[in-house]
Amino acid sequence: MTAPHLPSAHLLEVKDLTVDFLSLGGAFRATNGVSFHVDAGETLVILGESGSGKSVSASAIMGLIDTPPGEICSGTITYRGKKLDDCGVEERRDLNGRKIAMIFQDPLSHLNPVYTIGWQLAEVFSAHGVATGAEARAKAIDILARVGIPEPEKRIDQYPHQFSGGQRQRIMIGMAIALHPEILIADEPTTALDVSVQAQILDLLKKLQAEDGLAIIMITHDLEVAASMADRVIVMNSGRIVEEGHARAVFENPQHSYTKTLINALPHADDTGGTGRRSTTDVGKPILEVKSLNKYYGLSSGFFAKNTQLHAVKDLSFTVAKGETVGIVGESGSGKSTVARVLLRLNDVSSGEALFHGRDIFKMDTRELLGFRRKVQMVFQDPYSSMNPRMTIFDIVSEPWRIHKDILEKSGWRDRVTELLGLVGLRPEHADRYPHQFSGGQRQRIAIARALACDPELIVCDEAVSALDVSVQVQVIDLLAQLRDRLGLAYIFITHDLPIVRHFADRIIVMKNGGIVEHAKTEEIFRNPQHAYTRQLMNATPRPKWEAASAPLPA
Amino acid sequence: MFGFILRRSAQSLIAVIGLLVLVFFLSRLTGDPAYLYLPLDSSEAQRQAFSEAQGFNDPLYLQFGRYLLGVANLDFGTALSRNRPAMEVALEAFPQTLKLAVIAMSLALVFAVVVGSLAAAKPDSLFDRIASTASLAGASAPDFWVAIVAILVFSVGLGLLPTSGTGTPLHWIMPIFVLTLRPFGLLVQVVRGTMISALASPYVKTARAKGVQRTQIIFRHALRNSLLPVITVAGDLAASLVNGAVVVESIFGWPGIGKLMIDAIVRRDFALIQATVLITAVAIFVLNILIDLLYARLDPRIRFQAK
């Protein structure tokens, strides 16, 4: 698209960028001949799954790649016709923050915990010799107001941990735009946030772009976010650009097979199909009946202060039948994970009862509880941290048999592990490897195999696919659905992502602040949401930029 | 914050009381002082009279009660070996130790932070390798050996420094050097380790994206976050300096509380043992509170929790 030998006419141009990372196992090629450009006022989205090299390209622009282990093998980055590779260290540093700024995925860890946000904002001005002292502070307050932090004069002296996730990202954005840069690189800026907060942050970015004429390079794995922001899209896979073009063209008419896979993986891509992954077997009688469940957390606020209590779960009642999937949907702090922890007796209940085959879980003694834990298994969000890194997959999957001695004779373990791995789509030789040798999706399969080792009746999945790439999410959910139909399992599927349960859950419970907002069959929830909050959750899914903002709700 | 100090003090008080009880009984296991303080040819009657006069013949519970009453009034009785109130003797010696410890610890901290940070800024550079090796050697060398070798080289061989005692500034050099070496070595290792992980942290990446200068990133962003574990280790080392000056003070004839304690034990001077142990215990307890306060000062997350 650009003349190769002339000085670039674009605001920023990356040409033929190849970056290697050296490790003990040899060099890993993170990006391979990547070229793109961005102009003032437009948004370029770099779309790709984890490991596709999309963040590396951005880090290279900012000069944030550490050498070693990184090595920029070839390529040029040109800003306003100036090759960044030719700049001195000091010149390059001064460009960062002043002309090119960046925001990151997890604002809490990207803000320095021991300095006030006022100090960190003012530092942008002092580092570039723009303002210091009271003047920098006044400017910092203006910025806080601009990015929508209420009471900026008061909050400027607070520390990062005293803000909510969305506010922290606003502060990060504030730091980035403080000196009116021309280019803003946003690396997964909303991935760590709730959907409704995500919408606010995206709106803020759009507003700032309109006001300042910013060029935005947005890096994301989320197709909906990409569609809502992008003017142009490039799709990356394994370090290469596999497709690029105008956003609408790419989304509505993807050319490359990888892009097609990604777009087809979207949960509502087959809107009309409807019930694809819902249970096919007849739903039997309830195996779990939860009645008026309540959970309080005591918040001790000090030595002399009186204790205040947090009502984490309010009067929750529902049932789960054999072969049924119940989705519990809510944002962070809604109490959805607490429900899981209480039901598995990982936390104590405050009041209420939960009958499992007619026996109250909360009144079981140690021996009964052991039997119960065999029948009810849990799959966590991050399978890596819930697996002992020093145990082989064989040890991990067979561990339940070590505890529940009556399930299986030791001589049969090897065969059964092989069988279970086969059931979740892994190979027998995987049994002798360690967790770190697997990808996120494979680890989640292992976690499912471990859960199946006990022949459970009910599996509680707490954000079990949230950490996975979209295409992998679909695979794992397909696997869960298959297993349910073959083995007659029941699931409680806890997630913050409403669309993902659409074709999987039979019934959905929407939770907010510990209480049930809405509880109905999945179709009814999506066709005719009764509660404003449910509508808000669905609405918060970003709409493509090329569609009118007033488009009707997804039916 | 005040409530916090009060709570910590109450906890420490329990520990101090336990220590007082322990010291009382343990010191009495060292033997009968009458054999040490009276001439070798003294008669049984004379020894009895001495013990009677010192109250050593009273039942143990009576002695213990008297001791506790004394402690409550900060009166430990007379130091037999010096014929002066034990508390007075101990309080005289304590500042000598404190001066050594404060100077040694400050030097160790300042040098360790600078050397450790610079080593962490460029891992595997020549400077880093030299610093790592030297600090490892410093951390591992036993202080009594270093002290003796130093005397051999600088006093006996070169005749530059006095072997022991106090009086001139020159007398300070060797004790301080020996006391600084080990904490310095250990702290360099800690600073280097925590700084390397701090420099790889996301907030440092943000600072780089903001265009903050390299020195600012190292000494403001990373260092402030690395200080917490450093202070934990430094606090431990400081406590052992106050405590463990015993060896160094004995070798250099430094009239501090460590040497006093050893003398008191050797001479079965119960009152003096008890006084020195209590003072050391209180010093360590104050040190721990200071460290907790420093923690809260450095990390706002702890500060707001403590409120």
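Predicted model: local features only at pLDDT ≥ 70, side-chain atom pairs only at ≥ 80, totals over all residues.
Residues are numbered from 1 along each chain as its sequence is written, chains are lettered from A and ligands numbered from 1 in the order in which they are written, and side-chain values use heavy atoms, with hydrogens and water left out.

**Domains**

Domain bounds come from an automatic or database domain assignment. For chain A the assignment gives domain 1 (12-114 + 159-264) and domain 2 (286-522). Their contact (heavy atoms within 4.5 Å) takes 6 residues from domain 1 of chain A and 6 residues from domain 2 of chain A. For chain B the assignment gives domain 1 (2-86) and domain 2 (90-306). Here 29 residues of domain 1 of chain B and 22 residues of domain 2 of chain B take part in the contact.

The size of an interface is often given as the accessible area lost when the parts come together. Buried area in the table is the accessible area (1.4 Å probe) that two parts lose on being put together, summed over both.

| Domain pair | Distance between C-alpha centres | Buried area | Share on carbon and sulfur atoms |
|---|---|---|---|
| Domain 1 and domain 2 of chain A | 35 Å | about 730 Å² | 42% |
| Domain 1 and domain 2 of chain B | 33 Å | about 2400 Å² | 66% |

**A sheet in chain A**

Helices (H or I, at least four residues) and strands (E, at least two) are DSSP runs, numbered from the N terminus. Two strands pair if DSSP finds at least two bridges between them. Chain A has an open sheet of 4 strands in the order 2-1-4-5, with antiparallel pairing. Strand 2 (26-38) and strand 5 (82-83) of chain A are at the edges and have a single partner strand each, so one side of each is left without a neighbour in the sheet.

Strand 1 (residues 12-23) of chain A pairs with strand 2 of chain A through 9 bridges in the antiparallel sense. Within this pairing, A:Val14 has A:Phe36 as its bridge partner, and A:Val19 stands opposite A:Thr31. Strand 1 of chain A is also joined by 8 bridges to strand 4 (residues 70-79) of chain A, again running antiparallel. A:Leu12 has its bridge partner in strand 4 of chain A, namely A:Tyr79.

**The second largest pocket**

Rolling a probe the size of a water molecule over the atoms shows where empty space is left. On a 1 Å grid over the protein atoms alone, a cavity is a set of points where a 1.4 Å probe fits but cannot get out, and a pocket is an open set with protein on both sides within 12 Å along at least five of seven lines; lining residues have an atom within 4 Å of a point. Grid points are joined across faces, edges and corners, and a volume is the space filled by probe spheres set on the points.

The second largest pocket has a volume of about 900 Å³. Its lining has 28 residues, and A:Gly63, A:Ile65, A:Asp66, B:Arg208 and B:Arg214 lie nearest the centre. Elements that each supply at least two lining residues are helix 2 (89-98) of chain A and, from chain B, helix 5 (86-121), helix 8 (170-199), helix 9 (202-210) and helix 10 (214-252). Helix 2 of chain A gives the largest share, 5 residues.

For the classes, Ala, Val, Leu, Ile, Met, Phe, Trp, Tyr, Cys and Pro count as nonpolar, Asp, Glu, Lys and Arg as charged, and the others, Gly among them, as polar. The pocket lining has 16 nonpolar, 5 polar and 7 charged residues.

**The second largest cavity**

The whole structure holds 5 cavities of 30 Å³ or more. The second largest cavity has a volume of about 70 Å³. Residues of both chains line this cavity, among them A:Met102, A:Met172, A:Met175, B:Thr206 and B:Lys210. Two or more lining residues come from each of strand 6 (100-103) of chain A, helix 7 (165-177) of chain A and helix 9 of chain B. By class, the cavity lining has 7 nonpolar, 2 polar and 1 charged.

**Two loop residues**

Most residues other than glycine have a negative phi. A:His180 has a positive phi, near 50°, and lies in the loop between helix 7 and strand 7 (183-187) of chain A. A:Glu188 has a positive phi of about 50°, and its place is in the loop between strand 7 and helix 8 (195-212) of chain A.
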